[in-house]
Amino acid sequence: MASNGYRNGILKGSVKVEKLSPSSNPKPSSIKSKTTSTQVSSVRRSSPASLGGVGSGVKGDSGVPGRVRVAVRLRPRNAEEQVADADFADCVELQPELKRLKLRKNNWDSDTYEFDEVLTEFASQKRVYEVVAKPVVESVLDGYNGTVMAYGQTGTGKTFTLGRLGEEDTAARGIMVRSMEDILADICPETDSISVSYLQLYMETIQDLLDPTNDNIPIVEDPKTGDVSVPGATLVEIRNQHSFVELLRLGEAHRFAANTKLNTESSRSHAILMVHVKRCVKGSEAALSIENGNGSHMSKNFRPPLVRKGKLVVVDLAGSERIDKSGSEGHTLEEAKSINLSLSALGKCINALAENSPHVPVRDSKLTRLLRDSFGGTARTSLIVTIGPSPRHRGETTSTIMFGQRAMKVENMVKIKEEFDYKSLSRRLDIQLDKLIAEHERQQKAFQDELERITIEAQNHISEVERNYAEALENEQSRYQKDYKESIKKLEEQWMLNQQKLNSDRARVEVKQEPLDMGLAVAELQKSLQNEINLRKAAEEEVNSLKSQLVQWRRSEAVGNAEVLKLRKLLEDEEHQKEKLEEEIAGLRSQLLQLSFEADETRRSLDRGGSGKILTGLDSLMSQVRNSQIKDSGNGQKAPIVNLFEQVGLQKILSLLESEDSDVRIHAVKVVANLAAEEANQEKIVQAGGLTSLLMLLKSSEDEMIRRVAAGAIANLAMNETNQELIMDQGGISLLSMTAADADDPQTLRMVAGAIANLCGNDKLQITLRGEGGIKALLGMVRCGHPDVLAQVARGIANFAKCESRASSQVWYSSTGTKAGRSLLIDDGALPWIVQNANNEASPIRRHIELALCHLAQHEVNAKDMISGGALWELVRISRDCSREDIRTLANRTLTSSPTFQAELRRLRIEC
Ligand code: ADP
Ligand code: MG
């Protein structure tokens, strides 16, 4: 390890730069060896300094920290940069609390460097002085050499930091001024002295800034001690701050003048201020020093004065920017080299020291030679590197920082890649926020609950208090009432006593007055007696009249009671009757149900055993009746219908057709239909108004079943000629036509078609029937397509045609001799359907149509239409193929008797 510290290291070229750790501090002996001629004491004040603890670790061991302390200072953006770099971030980012500086390489990457102190653009001059220079100054006052250097690109604030005079603004004072203040404050003017030299180094020439004529001053080195001096330089003794500031001002002025003369710039030169402090060591401090040293042999009286010499060197270095070798600033390459020679030599020395190189090229430049005893070793050295914020000078700033780093002998500062992950930070914050929100919600809920609880409690409390209050009030009231009553009672007693007393008094007084009032009192008594008698008489009269009234009332009451009894009896009879009637109705109902059940059963059995036989009757109900009749004749039992008829009476059954109860109506209409199926009943039914009721049902009932059964009943009744007329009279054909148009159910249509078919068989009704749309209704029902319906339609047509042919033959051969017109059936468009179905495979349809065709053909006037409608072919077929002989014959006869048909057959060469 270096025993003689920095200074000796430079001298010998073999000593390393000391590290920060106290253990590496040189031993006190090294101090002594340096100061052999001046006997510097090793006892020193501890320093409050912060720049790497220059003063720390010194106490007690007198060690000298050898490491160059390096601070970095950032200049704030100047006016030009504020405009030019407005859109850009600074090229550095300072973390003063971590003593770190981040140098942005680009938008996403930066290098981090650590310094002994990081001074932001806001750092005050005072603070800069205190952390950078003050420890050095104190060290100088303690007798060491000390150096403060500013290194950096031109315009970054080296001169600002070191040389500001601060006359206009005391806060702006730089390190030079403040150092002198501290030194002046600390020395004793009587015994101590301060002298100052101010030099400029430009192109390896030293100039005296305090005497411009003094040019090219040589450096003198003491080969023994290694002390460096510039004896040619003006040395001015400083007595006070004012003289020092004047001196600095003078130096600045000369510097400006010299640079103008040399046609150069201050930024190319180094300014060096040397302050020599000579102090007299006194009192116990000196004694202590002597005891520790070699003063023990000396007598107190002959002791020589002890002096401490310290030298402070403040160096405002030339701008660190590289000079363009092409000579853009008007310098030759040689010039450029020598301008920067000192600076590059300084860099090389620092590098060598930092790398523990055995050779430190101190002699390469005047600057390094001049600083040899002031840089390291026993000297305290502080370097302040100044940088600007502009990203445009990133290169220069980087090299400045690297210089500083090397000076710290931390060549490869660990580059902390420490990008903040703002996304995860945001996530973390979000989570935290959510937690806080949830917590807040919980707290709010709890608060509300609490509030509610308190409210309820308060309400309970209030009601309790109110209750208590009411109770107390009541108690109080009753107490008052009791008191009040008691006092009233007392008062009454009192009053009674008083009254008694008063009465006895009055009695005494009256006894005295009696003889005087006697006469008057008797007259008055008589008068009131008379009054009393009158009143009594009136009352007696009143009583008597009331008594007679009472007797009268009693009598009329008896009469009334008898009346009531009579009425009650009547009511009872009525009720009996009603009960009987209700029983009867119930019986009837059950019979009705029974009957309809039986009817349904019978129908079902019939349907099952029908075996394809054509029921020429109209209704299944009818068939049921027939069936029951057959049954009757078989076993001699009375049919239930007849029973019913006899038991209930037709009128009643008919009245049930209008019952409110739809079930009753249905059963009733079924019963009526069954009855109507029997010829014997038909007349009675019609007489009892049954036909009208049935027609009404057809008209008004919404129930399809009722309309179907009613239509069936009407069809049955329509078998009778008289009834047919009645039906027509009561508008039956329109009602049936309406039902035919509305209904979809084939059974309903079958009933309606059956009824109309029956009506079609009445000669007298032909015109009306056709006029009221009967034939159209009949033909309309073929839409249903059901064979049963079609059979009824065919039957109707056949009936109608038969009547027409009868009428025509009568007319034809009648005495009137008038010709009848064409068939109404043909007029109403029945012919196509007739021809279409003439050979229908269902025999009931086929037979009726065959008959109809024969009837139509009998009337010569129909012949042409029949031929054109294709009916002739059907007639020919019937006459040849019909299985029923009577029809075959009829057809034959018809064909042969009609001249039109004959002519046509001849024309077609058909043999008939
Ligand atoms: P250098 O000596 O490094 O060439 P200067 O000290 O001449 O730089 O500073 C250049 C300019 O910047 C000057 O106008 C100076 O007042 C200003 N300046 C430098 N440092 C600061 C600072 N820390 N705060 C404010 N202005 C500064
Ligand atoms: Mg400057």
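This is a predicted model: local features need pLDDT of at least 70, side-chain atom pairs count only at pLDDT 80 or more; totals for chains, interfaces and linings use all residues.
View 1. A polar backbone atom of F160 is 2.7 Å from an oxygen atom of ligand 1. A backbone N or O atom of G157 lies 3.0 Å from an oxygen atom of the ligand, while for T156 a backbone N or O atom lies 3.3 Å from an oxygen atom of ligand 1. On its own, ligand 1 has 550 Å² of accessible area, of which the protein covers 66%.

**View 2. The shell of residues around ligand 1.** The residues around the ligand include R73, R75 and P76, together with Q153, T154 and G155, and among them are also K158, T159 and R164. Sorted by class, this shell has six polar, four charged and two nonpolar residues. Helix α5, which spans residues 158-163, gives the most to the shell, contributing three residues.

**View 3. The open sheet of strands β2, β3 and β4.** The three strands are arranged in the order β2-β3-β4, with antiparallel pairing. Because β2 (92-95) and β4 (110-114) stand at the edges, each with a single partner strand, one side of each is left without a neighbour in the sheet. From one strand to the next, the twist averages 20 degrees.

**View 4. The pairing of β2 with β3, and the helix packed on the sheet.** Strand β3 (residues 100-104) runs antiparallel to β2 and is joined to β2 by four bridges, and E93 stands opposite K102 in β3. Helix α12, made up of residues 394-407, packs on the sheet and touches β2, β3 and β4, with its direction making about 150 degrees with that of β3.

Terms used:
Residues are numbered from 1 along each chain as its sequence is written. Chains are lettered from A and ligands numbered from 1 in the order in which they are written. Side-chain values use heavy atoms; hydrogens and water are left out. Two strands pair if DSSP finds at least two bridges between them. Helices (H or I, at least four residues) and strands (E, at least two) are DSSP runs, numbered from the N terminus. Axes are lines fitted to C-alpha atoms, for helices over the stretch in contact, and angles run from 0 to 180 degrees between N-to-C directions. Contact means heavy atoms within 4.5 Å. A residue is near a molecule or strand if one of its heavy atoms lies within 4 Å of it. A polar contact is a pair of N or O atoms within 3.5 Å; within protein, one must be able to donate a hydrogen and the other to accept it, and residues adjacent in sequence count only if both atoms are side-chain atoms. Accessible areas come from the Shrake-Rupley method with a 1.4 Å probe; for residues, only the protein chains shown count as cover. Ala, Val, Leu, Ile, Met, Phe, Trp, Tyr, Cys and Pro count as nonpolar, Asp, Glu, Lys and Arg as charged, and the others, Gly among them, as polar.
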